[in-house]
Amino acid sequence: MDEDEQSPSAVTGPASAPVRAPRRRWPARTIAVLGGVLAVVLLAGAGLWWFSPWERMTGLHGAPPKAVDGVPSEGARSFGDVMDPVLAAGAVVEKHGRGVRAVDLAGGRTWWNLSRPGRASVASVWKVDGRHVAVVWSDRRLTVVDVPSGHRTHAELPNRSAAAHLMSSEKVHVEAGGLTGPDGRLLVAAVQDREVDAYDASSGRRAWTAQAPRNCFYQDAVQDGIEVQTGLLSLDVDCLEYGGQAADYAYSTLLAPSGQPLQGFEHFPGGSLLPAGDHELLQNKQDGDVGSHGYRLIDSRSGRPLWRVRQWSSLGGPDAVTAAAGLVVVTDPEGGRVALYRAVDGKLLWRRKVGGSVLLRAGMVIAGRVRVIEQDPRPVRVLTFNATGGDAGQQELPMFEGAGSPELAGGAYGTLVVADHPGPDGATRPSVLLTGGH
């Protein structure tokens, strides 16, 4: 072997590095495709969450709230703004956060919470009948809830209010009420501007649509609202034109469960018709004159006036009037006077002077007694009067000192429900439940 030749084992020097196979790289096009797919999935998921139609109900533990049957304390009707909460099936149902909840009147426990993911929030809550409520969502979904069981049906409402109001188009102005037909079928009527759409409460299917006359509109929730009584839907109609001439003409109408106006109430002159008894309707601004302040009771079966009473507000402003269980409560807010009338014949049962420099909120009949909130002077408190107008106790409301605008919403089982009107920013506070009252 030559001197210059050596075997491999004889080679000296540093050890050789191990040889590695080259790493496989993803093609740029594949990476771009996968990124696009991931972005689409994420956007679809976010969109599904944001626009989700799903609802989430929690609670429903234990026995349902005890029903309030035949008790004239499920809440009273009043002229003026429609307000949450509503009372149904022994519970108070109100907005809570972005959803809605039902609270047992007898014990104050939360019976259920209903909410939705994404952008949808509760716009308003309405009473349908003794056990059902209607929830209107910000995306125009209508949810009918059976309060004791939590069972729900749904309907998607058409947008009928975009062109008729000068308000923000982002807001939902829908009113809802219940109608029970001769066959016992429960309908939920949704009112928007010129149309009323009625839906079957058990299936969510639309039963009929009624329309106001040309250039006329049903007044919305920021005004007098709608009322339901003995299978009739009471609506206020405001016309920009009447008889071919431009005019600001208002009248009331009653719709039957068929969607047709009740005979004699197609164009009933005057102000709002407020249910006051089995067949009695209380009407403000009698004779259709907006400058006429007073009230009259109308028989819903004949349209015949039963009795009249003139407004007796001491400062010329509007009285606060509520009606329930065949009784009418008239409150002079700044004059410090309260009166109770019998709806069937207009008999004055009693009248009370609370005080001089006082500010009262609308009184109402709850559990057979008249309750009135005295907001001024302080402290804020609920005054209670018995069947003859005598003092029957009072309860202070310290939570409203310096803030809030308390309104009685109803009550049952020794519990009074005091609601708080939304503030300037639209924010709402939970209702106050007063227990242990007289």
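Modeller: Start with pairing: two strands pair if DSSP finds at least two bridges between them. Note also that this is a predicted model.

Colleague: Then what makes β5 and β6 a pair?

Modeller: Four bridges join β5 and β6, in the antiparallel sense. The rule asks for at least two bridges, so the two strands pair.

Colleague: Where do β5 and β6 sit in their sheet?

Modeller: The order is β1-β6-β5-β4-β3, an open sheet of five strands with antiparallel pairing. From one strand to the next the twist averages 20°.

Colleague: Why are β1 and β3 called edge strands?

Modeller: Strand β1 (56–59) pairs on one side only, and so does β3.

Colleague: How do you know that Asp-104 is buried?

Modeller: Its relative accessible area is 7%. Buried means under 20%, so Asp-104 qualifies. The residue lies in strand β5.

Colleague: What does the side chain of Asp-104 reach?

Modeller: One of its polar atoms lies 3.0 Å from the backbone nitrogen of Ala-106. Leaving aside neighbours within four places in sequence, Asp-104 is in contact with Pro-65, Gly-90 and Arg-109.

Colleague: Why is Ser-124 called buried?

Modeller: Its relative accessibility is 11%. The cut-off is 20%, so Ser-124 counts as buried. Strand β7 (residues 122–127) holds this serine.

Colleague: What makes Ser-124 and Trp-126 a polar contact?

Modeller: Their side chains are joined at 2.7 Å. The limit is 3.5 Å for a pair of N or O atoms, one able to donate a hydrogen and the other to accept it.

Colleague: Which residues have the most contacts inside the largest nonpolar core?

Modeller: Val-93, Val-100, Trp-112 and Val-147, in a core of 18 residues. Elements that give two or more residues to this core include β4 (91–96), β5 (99–104) and β6 (110–115). A second, separate core has 17 residues, among them Leu-187, Ala-189, Ala-210 and Cys-216.

Colleague: What does Trp-112 touch?

Modeller: Beyond four places in sequence, its contacts include Met-57, Leu-60, Val-93, Val-100, Ala-102, Val-145 and Val-147. Arg-101 is also one of them.

Colleague: Why is the link between Cys-216 and Cys-239 called a disulfide?

Modeller: The S to S distance is 2.0 Å. The rule asks for two cysteine sulfur atoms within 2.5 Å, so the pair meets it. The count by this rule comes to one disulfide.

Colleague: Which parts of the chain does the pair link?

Modeller: Distant ones: Cys-216 is in strand β15 (residues 216–218), and Cys-239 is in strand β17 (residues 232–242). The two cysteines are 23 residues apart.

Colleague: Are Cys-216 and Cys-239 buried or exposed?

Modeller: Both Cys-216 and Cys-239 are buried.

Colleague: What makes the disulfide right-handed?

Modeller: The torsion about the S-S bond of Cys-216 and Cys-239 is about 105°, so it is right-handed.

Colleague: How many bridges pair β31 with β32?

Modeller: Four, in the antiparallel sense, between β31 (residues 381–385) and β32 (residues 391–396). At least two are needed, so these strands pair. Phe-385 has Asp-391 as its bridge partner in β32.

Colleague: And what lies between β31 and β32?

Modeller: Five residues, and the two strands form a hairpin. In the turn, Gly-389 has a positive phi of about 90°.

Technical notes:
Residues numbered from 1 in each chain as written. Predicted model: local features only at pLDDT ≥ 70, side-chain atom pairs only at ≥ 80, totals over all residues. Heavy atoms only, no water. Buried < 20%, exposed > 50% of the residue type's maximum accessible area, 1.4 Å probe, protein only. Core = buried A, V, L, I, M, F, W, Y, C linked by side-chain atoms within 4.5 Å. Contact = heavy atoms within 4.5 Å. Axes fitted to C-alpha atoms, helices over the stretch in contact; angles between N-to-C directions.
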